[in-house]
Amino acid sequence: MQLTVWTYEGPPHIGAMRVATAMEGLHYVLHAPQGDTYADLLFTMIERRAKRPPVTYTTFQARDLGGDTAALFKDVVAAAYERFRPQAMIVGASCTAELIQDDPGGLAKALGLPIPVIPLELPAYQKKENWGASETFYRLVRALSGTPVERAPVDGRRRSCNLLGPTALGFRHRDDLIEIRAILDRLGIAVNVVAPSGATPADLGQLGEADFNIVLYPEIARAAAQFLEKAHGQPFVETVPIGVGATTRFVEAVATLAGVDPAPVLAGAPSRLPWYSRSVDSTYLTGKRVFVFGDATHALAIARVAAHEIGFRLVGLGTYTREFAREVRAEAALHGIEATITDDYLDVEAAIQAAAPELVLGTQMERHVAKRLGIPCAVISAPVHVQDFPARHSPQMGFEGANVLFDTLVHPLMMGLEEHLLGMFRDDPEFHDGAAPSHLGHRPSDGTHAVGRAPAASPLAPAPAPIRIEGEAAIQTASWAPDAEKELKKIPFFVRGKARANAERYARERRLPLITLETLYDAKAHFSR
Amino acid sequence: MNAHAPLPATECGVTVRAEHGQRAVFCGLTGIVWLHRKIQDAFFLVVGSRTCAHLIQSAAGVMIFAEPRFATAIIDERDLAGLADMNEELDRVVTRLIERRPDIRLLFLVGSCPSEVIKLDLSRAAQRLSRRLAPDVRVLNYSGSGIETTFTQGEDACLASLVPELPEAAGTDELLVVGALADVVEDQFARLFSDLGIAARFLPARRAGQMPAIGRGTRFLLAQPFLADTARALEERGCQRIAAPFPLGAEGTTEWLRTAAEAFGVDPARFEAVTAPGLRRSRQALAAYAEKLVGKRVFFFPDSQLEVPLARFLSREMGADLIEVGTPYLHRGHLAAELEWLPSGTAVVEGQSLDDGLDRCRAARPDLTVCGLGLANPLEAEGLTTKWSIELLFTPIQGYEQAGDLAELFARPLDRRARLEV
């Protein structure tokens with residue numbers, strides 16, 4: 001048993017729902033108790049879908065358990081077929097139905113429906129949402145992609161590809177798709193099928209006609225792409241085009257596979273990110289300490305953007321996607337840090353506190369942790385709340401995605417000019433040590449929490465010292481000698497908080513009772529980076 | 001499936017029909033979301049699956065982050081395979097939890113579908129843990145599983161689990177008001193009862209150590225319509241229910257108070273004097289919305305069991321027309337007064353067959369459809385105006401001072417539709 005307050009991922013049948021809801025002409029019959037329909041509102045509320053998910057639940061109750069839940073399941077499948085007339089169906093069990101051991105696949109097969117009915121085995125007590133989406137998509141592709149077709153010879157013909165991975169409830173999947181389609185269009189590559197998003201079961205039957213596949217979200221589509229490679233001889237590109245560098249590599253990889261010239265897409269300055277990053281206002285971003293956490297796809301891609309395209313310093317990297325732990329560990333090692341691989345938000349919170357970042361890039365969950373700690377934050381990965389299914393075009397992928405990312409990653413921090421002005425006018429009542437950026441709305445309140453709360457550090461100059469407190473003795477802070485205190489006031493305001501924290505940490509570690517002028521500059525020398 | 005078994009019409013001419021099929025409702029675990037805020041030193045530990053954790057997180061929205069007093073002990077394959085002793089695992093989880101939250105005085109082990117299906121004996125676990133953690137923490141258990149409870153029935157199961165624990169009262173002169181009410185509403189009712197000269201206590205109390213005493217002859221008044229098991233548990237301890245409509249709207253509140261006042265022999269003149277200001281204010285507040293709601297055709301999907309009293313309020317006080325009133329469960333005894341107040345011929349449907357209900361709703365094209373969040377946006381997209389029903393559980397709606405707010409909840413979506421030009 002695992003004590004859980006927050007879960008980064010839902011159970012695997014939610015992943016299956018994400019695939020079914022993304023598609024057209026497919027219906028999902030889920031053997032599940034009354035109450036599991038709560039999942040509908042993720043789609044109708046968070047993603048604001050205008051249709052109910054194409055899911056029929058058996059919604060069995062206790063009184064049904066005494067009778068024949070298998071018969072109930074068959075009746076529901078038959079009725080759902082009659083009502084919705086889908087091209088294909090998927091059937092499966094949620095966690096409770098898994099325990100009562102009816103066999104959805106066998107039961108549905110016994111009905112002899114005139115459409116493909118694909119059974120899903122989604123072990124709810126071992127696996128989670130993304131795995132469920134991947135498995136469902138893989139099973140659908142396996143069942144419906146048909147026998148290998150003879151593709152026309154490549155000479156002079158326009159190449160085509162499939163786009164694999166976008167689902168319902170996917171973080172920015174809608175807009176990523178628009179960007180990727182535009183890139184392919186400019187490369188002169190035809191899009192054969194996009195799946196699961198918008199595809200019908202019949203469309204899946206056409207998958208084999210494409211020359212190659214593009215995997216946009218490996219968590220969801222890698223398994224299906226590997227199958228298509230084996231069954232239909234289609235190579236696939238798995239470079240996730242998030243960030244300028246990654247998008248460039250993606251364009252080159254796709255162009256190579258398609259035998260076309262990448263120049264039309266890469267010519268000129270396709271993204272504003274490089275110039276914005278080089279403009280002098282961005283200088284203050286240099287070496288800002290950033291902590292990145294999310295699903296593997298986004299955590300890896302955003303870590304690279306943060307480090308190599310904006311010039312932050314990566315002080316933390318992690319994912320809740322255990323399937324991709326190896327890749328994330330390798331990336332973290334390049335930055336000389338250890339990856340945080342966990343699905344327990346308390347572990348993530350502890351890691352954030354220990355790393356003492358100046359910016360957190362994470363999920364909805366990290367947004368709340370950062371809010372509590374008074375650290376600026378931006379959301380870069382699911383799970384996300386309704387505000388991260390925005391009305392405006394906001395891709396993560398492609399060159400426009402890179403523009404969006406620059407804004408997303410930089411806005412929570414104070415802009416350089418604003419920071420400078422604050423320093424100049426620091427004695428004005430409107431501007432002082434404790435002033436938060438105007439757009440960071442929320443100062444941590446003084447509520448009581450069982451979890452150790454970080455001191456309310458100014459986001460301008462957060463202390464690099466670990467905030468975690470190890471026992472009462474460690475809390476004792478050395479006192480300041482008057483001359484040291486006076487000297488501290490001369491230090492430019494925007495680094496003063498850091499200087500204070502560094503001096504106190506230096507004194508604490510050396511058990512110095514008094515911080516003198518000497519200590520202050522010893523600490524400065526010690527911590528200078 | 002979908003067998004529509006017509007039941008005999010009640011004396012008041014309301015037809016009640018039972019319906020079976022797919023249900024789009026929450027399970028009883030959802031009750032935790034408001035119950036944990038009511039009992040301030042209680043913790044709710046669901047013993048269930050990742051689905052249960054995901055449900056509570058989805059229903060609780062942003063509350064999940066404010067160091068909430070609920071969590072899920074997720075059963076994993078080691079537990080199911082017998083590799084780990086589930087009772088030992090539960091003890092370990094609870095120990096860790098209590099160490100982390102020493103402020104907790106009352107711990108509910110909440111059963112879920114998975115824990116019920118594998119027949120994990122949470123009542124014995126509660127007894128065992130209660131002994132171990134006494135006297136600092138009491139441990140109780142109830143089931144909020146979807147197979148046994150629908151949405152608000154989770155509160156019923158929770159309160160029913162408290163009843164055997166309530167101390168024995170000496171006298172019988174106290175009134176017990178049953179059902180979790182928003183603190184502001186509870187305070188208003190406490191003042192009204194006090195002015196009437198009735199000593200009233202509330203179940204649940206705001207703290208575990210202050211739960212009301214009951215005894216033979218204790219008279220209780222239900223503040224919520226979904227408390228069948230709690231009422232039965234109270235009756236088993238010799239308490240007597242005061243049958244009344246529910247305190248929604250000016251009329252409902254007055255009759256609810258009047259029934260209690262009569263039971264306690266309050267002088268009618270005093271009753272009039274005490275209730276007159278609230279009644280006047282509530283009527284005044286309601287008048288502002290009457291124009292917007294009069295003649296509007298309303299369709300209720302089943303959700304919380306509040307549907308019948310709400311429909312009664314909309315029909316009698318706001319002049320709305322009722323197309324269909326769905327309810328997940330209809331306690332004919334507790335709702336007798338409410339059913340009598342419904343207009344003759346009102347169609348009440350107990351249970352649900354979702355797609356059939358949607359067909360009827362689409363055919364009727366109501367002016368306002370009261371439904372859950374899974375249906376609301378899809379129906380809006382079809383051009384129907386909706387009021388999402390879960391808000392009626394989280395918003396203070398009972399009593400005189402909230403009558404206007406209650407009407408506003410229904411009037412606002414209509415107002416909004418009228419305003420939007422795009």
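Of the contacts in chain A between residues at least 6 apart in sequence, what percentage join residues at least 24 apart? The figure is 72%. This is a predicted model, and the legends below walk through several close-up views of it.

Figure 1. Chain A holds 23 helices and 16 strands. Of its 529 residues, 58% are buried. The chain exposes about 21400 Å², and carbon and sulfur atoms supply 53% of that area.

**Figure 2. Helix α1 of chain A, a mostly covered helix.** Welcome to residues 12-22, where 11 of the 11 residues of α1(A) are buried. Among them are A:P12, A:H13 and A:I14, and the list also includes A:M17, A:R18 and A:T21.

**Figure 3. Helix α16 of chain A and its surroundings.** Helix α16 spans residues 345-355 of chain A, and 8 of its 11 residues are buried, so the helix is largely enclosed by the rest of the structure. The buried set consists of A:Y345, A:L346, A:V348, A:E349, A:A351, A:I352, A:Q353 and A:A355. In chain A, these residues pack against the strands β10 (289-294), β11 (313-319), β12 (340-341) and β13 (359-362), and against helix α17 (364-373). Chain B takes part too, through its helix α4 (86-100).

Figure 4. Following the helix comes A:A356, which has a positive phi of about 45° although it is not a glycine. A:A356 sits in the loop between α16 and β13 of chain A. Is A:A356 buried or exposed? Its relative accessibility is 3%, so A:A356 counts as buried.

**Figure 5. A:Q101, another non-glycine residue with positive phi.** Here phi is about 60°. A:Q101 belongs to the loop between α5 (95-100) and α6 (104-110) of chain A. With a relative accessible area of 67%, A:Q101 is exposed.

**Figure 6. Helices α21 and α23 of chain A, crossing at an angle.** The axes of α21 (residues 482-490) and α23 (residues 517-527) come within 7 Å and cross at roughly 45°. The two helices are therefore oblique to each other. On the α21(A) side, the contact is made by A:D483, A:A484, A:E487 and A:L488; α23(A) contributes A:L517, A:L520 and A:Y521. By class, the residues of this contact divide into 5 nonpolar, no polar and 2 charged.

**Figure 7. A closer look at A:L520.** This leucine lies in helix α23 of chain A and is buried, with a relative accessible area of 3%. Leaving aside residues up to four places away in sequence, A:L520 touches A:W480, A:A484, A:E487, A:L488, A:I491, A:A499, A:A503 and A:I515. Its C-alpha atom is separated by 8.6 Å from that of A:Y506, a residue 14 places away along the chain.

**Figure 8. Helices α12 and α17 of chain B.** The axes of α12 (residues 307-318) and α17 (residues 403-419) in chain B come within 12 Å and cross at roughly 95°. That makes α12(B) roughly perpendicular to α17(B). The contact brings together B:L310, B:F313, B:L314 and B:M318 of α12(B) with B:A403, B:L406, B:A407 and B:F410 of α17(B). Its residues divide into 8 nonpolar, no polar and no charged.

**Figure 9. A:D175, a buried aspartate.** A:D175 has its place in helix α8 (residues 173-187) of chain A. At 2% relative accessibility, A:D175 counts as buried. A polar contact of 2.7 Å joins its side chain to that of A:R174. Beyond residues up to four places away in sequence, A:D175 touches A:R392, A:H393, A:S394 and A:P395.

Figure 10. B:T72 is part of strand β4 (residues 70-74) of chain B. It is buried, with a relative accessible area of 2%.

**Figure 11. Two cis peptide bonds in chain A.** One joins A:A195 and A:P196, with omega about 0°; A:P196 is in the loop between β7 (190-195) and α9 (201-204). Another joins A:A382 and A:P383, with omega about 0°. A:P383 lies in the loop between β14 (377-379) and α18 (398-410).

Conventions
Residues numbered from 1 in each chain as written. Chains lettered and ligands numbered in written order. Predicted model: local features only at pLDDT ≥ 70, side-chain atom pairs only at ≥ 80, totals over all residues. Heavy atoms only, no water. Axes fitted to C-alpha atoms, helices over the stretch in contact; angles between N-to-C directions. Helix = DSSP H or I, 4+ residues; strand = E, 2+ residues; numbered from the N terminus. Parallel < 35°, antiparallel > 145°, perpendicular 65-115°, else oblique. Contact = heavy atoms within 4.5 Å. Nonpolar A, V, L, I, M, F, W, Y, C, P; charged D, E, K, R; others polar. Buried < 20%, exposed > 50% of the residue type's maximum accessible area, 1.4 Å probe, protein only. Areas by Shrake-Rupley, 256 points an atom, 1.4 Å probe, with all protein chains shown as cover. Polar contact = N/O pair within 3.5 Å; in protein donor to acceptor, adjacent residues only side chain to side chain.
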